[in-house]
Amino acid sequence: DLTDTYVTANVVTIAGNQILSRQLIDQAGIAIDEVVFRDLIAAHAQYLDSGLYTGTGSAGQLTGLINLSGIQTVAAAGDSIQLLYAAIANAIQLVHTTRFAPPDAILMHPRRWGWFLSLLDSQDRPLFLPNANHPYNAAGILERVVPEAVVGQIQGLPVITDPNIPTNLGGYTNQDAIYVLRSSDLALYEGGLRAEAFPETYANQLSVLLQVSSYVAFLSRYPNSVVEITGLTPPNFEGS
């Protein structure tokens, strides 16, 4: 028989602004307002992305993955490839066995992915090779060198790096986390991004207020489709 319940997500406002003098706008020699708007839009995107991980759900913030009730965790105290590889496999099976559907992505900080790329076997051969090398029996595949995108694969899942994943977790506030999840179970609702200029607001100062803003909401219908791998010690790059 059909049963139903409610899932709710608070709509929050993300906004930023910058005051520019009329003299700068009129005499800069370039469209300085366009430059500032690009920076405001980039800052808006960074703030939104960061909130999807660390938002507390109060004080006008989204409820990020770290504070999402009902997600699963796998403890991996250490930084060996054997430990992390097993932890990722464990996280994948947890989604399978509790959500009855497969995960579709692995999220990690670029420093963690960089650490994976630095690993060598006993004969000093890299464990993570570029896809063009057609590696045999590799632990993972390197597809792209970018800070925030799909960069490769581990255990058949695409790896997405994101520098907004916090690196101040754990008792010593220096740990990062890896997330294995089914992204289709997460819903981000975004209103249109508004970019506006208000010349009247600071008219008595010969200034213009440039502002960007939007309304967003974030929720998960199935929090158990998110697994957070915790306890990762800061990566050690040999020679650093």
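1. A quick word on terms before we start: helices are DSSP runs of H or I with at least four residues, strands are E runs of at least two, and both are numbered from the N terminus. Please keep in mind that this is a predicted model.

2. With that in hand, the overall fold: the protein chain has four helices and twelve strands. Its C-alpha atoms fill a box of roughly 70 × 60 × 35 Å along the principal axes.

3. If you take the contacts between residues at least 6 apart in sequence, 68% of them join residues at least 24 apart.

4. Now the surface and the charges. The protein chain exposes about 13,400 Å², with carbon and sulfur atoms supplying 52% of that area. There are 10 positive and 21 negative side chains, and the centres of the two sets lie 2 Å apart.

5. One residue I would like to show you is Asp-185, which sits in the loop between strand 8 (176–181) and strand 9 (186–190). Asp-185 counts as buried because its relative accessible area is 7%, and the cut-off for buried is under 20%.

6. What does the side chain of Asp-185 make a polar contact with? The partner is the side chain of Arg-99, at 2.7 Å. Leaving aside residues up to four places away in sequence, Asp-185 touches Arg-99 along with Leu-219, Ser-220, Arg-221, Tyr-222 and Ser-225.

How values were computed
Residues are numbered from 1 along each chain as its sequence is written. This is a predicted model: local features need pLDDT of at least 70, side-chain atom pairs count only at pLDDT 80 or more; totals for chains, interfaces and linings use all residues. Side-chain values use heavy atoms; hydrogens and water are left out. Contact means heavy atoms within 4.5 Å. Accessible areas come from the Shrake-Rupley method with a 1.4 Å probe; for residues, only the protein chains shown count as cover. Lys and Arg count as positive and Asp and Glu as negative; His and the chain ends are not counted. The place of a charge is taken as NZ of Lys, CZ of Arg, CG of Asp or CD of Glu. Buried means under 20% relative accessible area, exposed over 50%, partly exposed in between (1.4 Å probe, protein chains only). A polar contact is a pair of N or O atoms within 3.5 Å; within protein, one must be able to donate a hydrogen and the other to accept it, and residues adjacent in sequence count only if both atoms are side-chain atoms.
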